[in-house]
Amino acid sequence: MAPALPPLPTIEWDKLGLAVTDSVNGHVECTYSTTTSTWSPPTFVTDPYLRIHGLSPALNYGMQAFEGLKALRLASSSASSGGGGDTISIFRPHLHCTRLAHSATVASMPPVPEPLFLEALSLAVRGNAEYVGPSTSDAILYIRPLLFGSGPQLALEPPSQFTFAVYVQPATTYHGLQPLPCVVVEDFDRAATRGTGSAKIGGNYAPVMRWSRRAKAQGYYMTLHLDSATQSEIDEFSTSGFIGVKKIEADTPANGQAAMATPTAVNGEAKENPKLNATLLIPSSPNILHSVTSDSVVHLAQHKLHLPIARRPVPFSELASLSEVLAVGTAASVLPIASVSRLSTDEKYVFVGADGKAGEVGVELAALLKAYMRGEVEDEFGWRYEVGFLDPEEDSATQRAKGNGLQLVTAGGEGTLSTSELKLVTSPL
Ligand SMILES: *Cc1c(COP(=O)(O)O)cnc(C)c1O
């Protein structure tokens, strides 16, 4: 196996944001034929545009699903190269594949088989390796797999063809840990009871945009959704999962639930750091997306910090007893929430001190997660999927990328790349 190409020297890796630049070498495409029930092998296409029938159910009926995950250059391979190490890994692709299969089923589409999913993602990353930033930066390669009904079909029946495409974009993770104010969306429900909220499908996102834009105009950079049936329980943020941090009071538990959630097998480490003596609350609503980041954070909290986890309905009123609230997702990582406001009732819950700084549980979990993603610690949970590189002469993706001749766009150049971190937090998934 050959080493991965180093990061391009012409990009300001810490200032990328998540603006689409079209500077990368290309994307990967493959198609599924409904008549033969087979997938074509993935190919690398040096063009960001797709050919799609105007009467496809993707365009007409919202028959599509997507994923969002990331590839990173590992620190362990960068020790002597200033962050330009030659090993690139994709973070937890198997779980993202499982979620895409769920979303595909919800939108009446065939799932993408896992071997094909992994091969297509590897090909997309391999063909764009120089866009994976240095391990010493906060840069990632954001991967956007996309599945949609691409053949013509006006009836409410499956089309003759589905397309699976994998796009990538160099981006910067928001690691600012600057807590953000949040508002509850009260005039619109993102997910109906027994609806499609658990799927990453386009129809769940476009209708939210006008509400998140309105919130932003009012100074709220995050939007929170409550359950549609009763408006009394917390579902999740518009593009990230919800984690509540509830301090465990040593002598007088706040209520029965906190007492029940007290750890049974704390091995002493949590006690050495009594400040982290807290329970993580994860909403168990059936109408939320299964966040891979939340899964990772919960795993780390349990196995590394020995914190108890409570997965159950979280009443909105319980915000009053939380010490920290975190928004978790691939692009935002672990983002502390400064406050949650509900305008109709004049309620406002604040989760930062007078200094406006993030709480320590969130800071600790963000640092831990980053260490596992960047390869600063051993991959004991099997989360890092290493992308294999062929010698350039053998690798069609590298060959085609080289022959592509697209102009490279550098950060800060023509103002094509966003330097606004807030923009990153509120736009990506
Ligand atoms: C993508 C997304 C998340 C975060 O999922 P990750 O797997 O952690 O990236 C959470 N909620 C919603 C609504 C999302 O679209």
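Let me begin with Val 125, which is found in helix α3, residues 114-126. Helices here are DSSP runs of H or I of at least four residues, strands are runs of E of at least two, and both are numbered from the N terminus. This is a predicted model, in which local features need pLDDT of at least 70, side-chain atom pairs count only at pLDDT 80 or more, and totals for chains, interfaces and linings use all residues. Residues are numbered from 1 along each chain as its sequence is written.

Is Val 125 buried or exposed? Val 125 is buried, with 27 other C-beta atoms within 10 Å. The term buried requires 20 or more other C-beta atoms within 10 Å of the residue's own, with C-beta atoms placed from the backbone; exposed means 12 or fewer, and partly exposed lies in between. Leaving aside residues up to four places away in sequence, Val 125 touches Ala 71, Ile 88, Ile 90, Leu 141, Val 168 and Val 387. Contact here means C-beta atoms, placed from the backbone, within 7 Å. Ile 90 is 35 residues from Val 125 in sequence, and their C-alpha atoms are 8.7 Å apart in space.

I turn to helix α2, residues 93-106. At 1.5 Å a residue, its 14 residues should span 20 Å, and the end C-alpha atoms are 20 Å apart, which agrees. The expected span is 1.5 Å times one less than the number of residues. Buried in α2 are Pro 93, His 96, Cys 97, Arg 99, Leu 100, Ser 103 and Ala 104. Seen down the axis of α2, these residues fall within an arc of 165°, so they line one face of the helix. That arc is taken over the directions from the helix axis to the C-beta atoms. Just after α2, Ser 108 takes a positive phi of about 60°.

Next, the protein as a whole. Its secondary structure comes to 10 helices and 18 strands, and buried residues make up 47% of its 429 residues. Of the contacts with a separation of 6 or more, 78% are accounted for by residues 24 or more positions apart.

Finally, confidence. The average pLDDT, the predictor's confidence in each residue from 0 to 100, is 86 for the protein, and 83% of the residues score at least 70. Over residues 252-272 the pLDDT is below 50, and this stretch has 25 contacts in the model beyond near neighbours in sequence. Over residues 398-428 pLDDT also stays under 50, and the model has 66 contacts for them beyond four places in sequence.

Key
Contact = placed C-beta atoms within 7 Å.
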